[in-house]
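Trainee: I would like to go through this model with you. Could you show it first?
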Amino acid sequence: MAIIKTFNRAVLLIGASGGAAFAQSAETPTPPRSEYSPYVEYDYPDQALFGDTHLHTAYSADAGLVGATTSPDDAFRFAKGEEVMSSSGVRARLGRPLDWLVVTDHAENLGLPIALAEDSPLLQETEWGRDMAQTFAPKTFDARVQTYMSWFGAVNTPDGGDPMAGSGMNETMWQRITELAERHNQPDSFTAMIGFEWTSGPDGNNLHRNVIFRDGKELADQIVPISAYDSDDPEKLWQWMADYEDRTGGQLLAISHNGNLSNGLMFDDVTLSGQPLDRDYAQRRMRWEPLYEITQIKGDSETHPLLSPDDEFANYYRWDKGSFGVEPKTPDMLPREYARSALKRGLVYDEKLGANPFKFGVVGSTDAHTGLSTADEDSFFGKVSLLEPTGNPVRYTEAITGRFTPDNSTDDMVHGDALASGLAVVWARENTREAIWDAMKRKETYGTTGTRMRVRIFGGWDFASKDIDRADFARYGYQHGVPMGGDLPADTSGAAPSFLIRAERDPDGANLDRIQMVKGWTTPDGEPQERVYDVVWSDDRQVGADGKVPPLGDTVDLAVPTYSNSIGAPYLASYWHDPDFDPAQRAFYYLRVLEIPTPSWLAYDRAFFGTEIPEGKPLIQQERAYTSPIWYTPGQG
Amino acid sequence: MTADPKTPQQRMSRQRFLTSPLVHFFAIGGLIFAVYALMDDRPDIRADAITLTAGDARQMAEQFESGWNRPPTADEMTQLMQAWVEEEALVREAVALGMDQGDAVIRQRLNIKMRFLAESQAGALIPDEETLQTYLDQNSDKFAIPPRIAFRQVFLPDEPDTGIVAIKASLNAGDDPMAVGAASLLPHDLPLTGALNIDGMFGSGFAQAVQAMPDGQWAGPVDSSYGRHLVMITQRSDGGLPPLDQIRPRVEAEWRATQAAQMREALGRELLGRYQVDLPDVNEVLSE
């Protein structure tokens with residue numbers, strides 16, 4: 001053992017906070033082994049698997065009726081790295097395949113565009129179906145749009161019920177989708193999961209959830225997806241999920257998204273039926289929807305400048321001008337819309353109710369309606385097929401939300417505001433449906449805006465600064481602490497919790513700017529608080545008078561566009577312990593990892609098409625990752 | 001054929017169908033039709049006669065029962081049969097008047113029925129082992145597992161080559177690989193994994209470089225996007241075609257999808273082959 005030491009990459013380990021100093025070439029004590037082979041106990045998650053939990057194809061009415069022609073088959077082939085033809089006729093291929101994908105088409109008249117395209121006799125089963133078939137029959141652009149508007153009217157009719165109920169269309173289309181997932185699922189190289197989107201949007205306010213199956217076709221085919229026709233109420237969704245599990249022995253979880261477009265409904269202080277939140281609600285909510293999609297094309301939902309005025313990175317692709325409905329956004333809605341404030345308010349609820357209704361982990365995903373999961377800036381196929389890569393300025397000016405608000409011009413969010421995001425990352429032992437789903441269930445996940453950086457955090461009570469260099473980092477982390485998504489075990493010492501933190505850049509991507517710790521906690525009088533700590537950063541920068549690490553500057557050349565990794569660090573790591581810890585306060589801790597500035601998709605568009613990008617849209621941005629939090633509860637593990 | 005068709009129209013269509021080469025192609029589907037025809041116990045009928053067999057009537061009664069959970073009363077049965085007779089008469093008269101011509105809904109339904117005929121037959125086919133094995137062999141690219149390697153790796157610090165030689169020697173002498181090396185988030189021990197997935201983790205080209213290393217001993221260094229690594233290959237799998245019994249459901253699903261597509265195409269080709277197709281010139285149409 002004598003010559004073997006653990007070697008620091010000290011040159012990259014720059015900056016420290018929380019009073020922790022880095023170990024310098026520390027000898028790492030190796031724990032005694034009970035087995036000769038160290039791999040015998042090697043059964044913990046060690047692979048970061050990159051995927052998308054949220055993708056639509058032509059089977060979704062709001063995709064297939066407005067330009068999308070891609071099927072789940074195309075979606076899976078594209079995710080696996082095969083070339084496919086996009087709906088607008090542009091050849092498309094991912095730079096790197098994804099590890100896994102869930103196709104989540106809207107449950108509301110699932111497969112309607114396919115049935116129309118095929119002149120399916122199923123449409124003849126109901127009067128509405130016959131009307132739709134007739135409207136669609138000329139198959140012109142106008143006819144499609146007319147059909148789309150009719151569908152949109154039906155789906156937004158309160159208590160309207162499914163106009164195709166009893167036709168068998170849902171069953172037929174669902175089983176085609178599960179069949180395609182089954183055909184593309186190749187354990188250990190690419191996982192194709194079964195899912196759908198339940199599209200609740202009372203008054204146009206976004207309460208959507210993606211429902212993800214752990215199971216295969218055999219169990220999934222025993223139901224048809226619940227839709228917003230059945231109910232707008234998430235509590236009804238959870239009941240439906242419970243019924244599925246009872247009936248089939250399978251397992252489901254749901255992921256909510258776009259609180260930023262919910263006008264305060266996503267993390268509201270009352271249930272949708274108007275009741276105050278109680279313990280039972282909190283427990284059921286976290287039982288069924290352990291994750292929240294924190295970033296996607298329609299904006300970033302981590303936090304907002306009005307909620308986090310001291311956070312200089314809070315103003316990132318804000319979509320804060322209303323929802324899909326007529327009601328404009330008001331500032332009082334914001335705390336009930338964004339992940340960070342919900343996590344904070346959840347601590348207050350936990351104290352009050354004995355259960356936390358907002359104790360969620362996070363992922364990113366695309367929500368693309370193109371069948372193409374593209375989260376890379378240099379090949380962004382957009383939100384919908386009509387806005388796929390083109391030199392036509394409609395790609396930047398087309399309104400996505402705010403269409404129905406009274407003042408139509410100023411409160412629209414347009415496609416030029418889109419964020420080429422994101423990815424869902426799970427820490428898993430193997431690339432299978434079961435391993436990926438289990439990681440989601442235990443919230444051992446993080447979300448990125450498209451970068452494939454790896455991020456890890458372990459929280460515990462007896463980590464030491466020298467542990468950050470351990471070669472057996474993960475094994476040690478699991479043995480002595482909890483990973484992202486976990487709860488700190490009970491502790492009575494009164495000492496502050498400590499964290500081992502690592503981030504490694506995308507192997508084919510940009511260097512890292514910094515790792516930040518975001519802490520939320522409650523005061524004794526129940527006021528939620530937050531603070532962002534710069535934990536470790538690149539390039540030997542000095543903390544400024546304001547207590548913040550100054551901006552890094554950038555290496556972006558917009559003409560190409562390109563950037564250089566001559567700034568930033570390929571790897572950052574830190575030991576961190578909470579300098580402001582109060583054992584009587586509930587708290588959560590999550591990481592935000594920033595890349596160095598890189599060109600946005602608009603910059604790539606401008607260079608390729610020569611188009612003029614509208615004023616005020618970002619050409620340079622900083623990709624990032626958000627981890628699921630680790631929670632601390634006084635007196636509890 | 002033991003029974004004459006009901007109407008001249010039907011006679012034509014059935015004869016045409018049974019003599020069509022398509023039926024021979026759709027061997028099983030054709031067989032179903034032939035058996036159906038052999039079992040047809042309907043009496044000879046005239047074009048102006050409307051006859052309901054007892055068997056068909058019993059089916060109507062069963063249908064009633066499945067909706068009402070009880071058999072129909074005698075009155076209800078009489079009404080059911082009367083309604084059927086009226087429908088049959090109306091349909092025949094409508095057809096005689098050519099009312100089925102030029103109706104978009106009827107055209108659509110007939111179109112779908114014919115296409116469905118092809119696909120439903122694919123769904124009903126039960127392939128034998130040999131068929132699936134042949135399909136598997138002929139579509140090996142679809143099912144082949146790429147070559148995979150399992151390996152352990154140690155991420156090396158920035159260290160002169162002499163230091164690396166020493167680390168390699170100590171690892172080959174049995175030292176704990178998880179206690180050496182530089183900090184990273186890369187897996188220490190990878191099970192059998194394909195090149196695409198390996199490159200996704202370590203950066204492009206890494207898998208190929210690792211593949212060239214010897215088995216069962218620490219070797220390298222090998223360059224990744226992050227730096228240098230020592231690797232020990234623990235297992236290799238040439239990949240290739242897995243045996244049928246391991247992937248039977250997937251092979252059968254793909255085979256059936258292919259059959260359905262082929263039958264759809266064949267149906268289209270076969271039908272078009274029986275017509276002389278006359279289309280106006282494209283440019284002429286567009287110039288007007």
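Mentor: Start with one pair: the side chains of B:Glu254 and A:Arg183 form a salt bridge, N to O at 2.8 Å. A salt bridge puts a side-chain nitrogen of Lys or Arg within 4 Å of a carboxyl oxygen of Asp or Glu. This is a predicted model, in which local features need pLDDT of at least 70, side-chain atom pairs need 80 or more, and totals for chains, interfaces and linings use all residues. Residues are numbered from 1 along each chain as written, chains are lettered from A and ligands numbered from 1 in written order, and side-chain values use heavy atoms, without hydrogens or water.

Trainee: How many salt bridges are counted between chain B and chain A?

Mentor: The B:Glu254 and A:Arg183 side chains meet in a salt bridge. The count for chain B and chain A is two.

Trainee: What area is buried between chain B and chain A?

Mentor: Contact means heavy atoms within 4.5 Å. By that rule, 43 residues of chain B touch 51 residues of chain A. Carbon and sulfur atoms give 54% of the buried area (accessible area lost on being put together, 1.4 Å probe, summed over both parts). The total is about 4,100 Å².

Trainee: Which residues of chain B lose the most area to chain A?

Mentor: Three residues together make up 19% of what the chain B side buries. They are B:Met178, B:Leu185 and B:Tyr226.

Trainee: Is A:Thr271 buried or exposed?

Mentor: A:Thr271 is in contact with A:Glu235, A:Pro276, A:Leu277 and A:Tyr281, leaving aside neighbours within four places in sequence. Its relative accessible area is 7%. Buried means under 20%, exposed over 50%, partly exposed in between (1.4 Å probe, protein chains only). Therefore A:Thr271 is buried.

Trainee: Why is A:Gly168 classed as partly exposed?

Mentor: The class of A:Gly168 follows from its relative accessible area. A:Gly168 is partly exposed because that value is 23%.

Trainee: How far apart in space are A:Gly168 and A:Ser385?

Mentor: In sequence, A:Gly168 and A:Ser385 are 217 residues apart. In space, C-alpha to C-alpha, the separation is 28 Å.

Trainee: Where in chain A is the pLDDT below 50?

Mentor: pLDDT is the predictor's confidence in each residue, from 0 to 100. Chain A has a mean of 91, and 92% of its residues reach 70 or more. Where pLDDT is low, the predicted coordinates should not be read in detail. The stretch below 50 is residues 1-30.

How values were computed
Buried area is the accessible area (1.4 Å probe) that two parts lose on being put together, summed over both.
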